[in-house]
Amino acid sequence: MASEILIEHGETRLARRLRSNRYKVALAIAVIEGILVLAGAIPWWVVVALAVVSLAGYVAWGREHESADVRVVTWTAAVSQLVVVLVPVVAGLVVVLAAVVVVLLAAVALAALLLDRR
């Protein structure tokens, strides 16, 4: 079965292309902004504010807008901003996990040294 593209009424070629690649676009935006957040170029509270504004814009305005372009752009913006909010949380979890692994390795090494009978 061939992949069929659903064409919404009044949808432009750009909106169709963006809609078919919206996950990739949202992830690319999130990666770029996430790197900037982790580097300290963008404060985390600004990212949270942008996420709230973009989500509110999608829910209040873009979700039911008659233009498919507006719906796709606001959805993509909201998803990308919500993913960026998660970046510092995930980075913190990775740091904690790395610390736990280091502590466990140190405990195993200490136990090996203490049990060595030479």
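This is a predicted model: local features need pLDDT of at least 70, side-chain atom pairs count only at pLDDT 80 or more; totals for chains, interfaces and linings use all residues.
I began with the order of elements: along the sequence the protein reads α-α-α-α. My tally was 4 helices and 0 strands, where helices (H or I, at least four residues) and strands (E, at least two) are DSSP runs numbered from the N terminus.

Residues are numbered from 1 along each chain as its sequence is written, and side-chain values use heavy atoms, with hydrogens and water left out.

Next I looked up the overall shape. The C-alpha trace spans about 80 × 45 × 20 Å along its principal axes. The radius of gyration is 22 Å, while a compact globule of 118 residues would have one near 13 Å; the radius is taken over C-alpha atoms, and the globule rule is 2.2 Å times the number of residues to the power 0.38.

Then I turned to burial. Of the 118 residues, 20% are buried (under 20% relative accessible area, 1.4 Å probe, protein chains only).

Which residues make up the largest nonpolar core? I found 6 of them: Ala30, Val37, Val47, Ala51, Val84 and Val85. Such a core is a set of buried Ala, Val, Leu, Ile, Met, Phe, Trp, Tyr and Cys residues joined through side-chain atoms within 4.5 Å. Helix 2 (22–39), helix 3 (44–62) and helix 4 (68–115) each give two or more residues to this core.

Last, I followed Ala30: leaving out residues up to four places away in sequence, Ala30 touches Ser80, Val83 and Val84 (contact means heavy atoms within 4.5 Å).

Technical notes
Buried means under 20% relative accessible area, exposed over 50%, partly exposed in between (1.4 Å probe, protein chains only).
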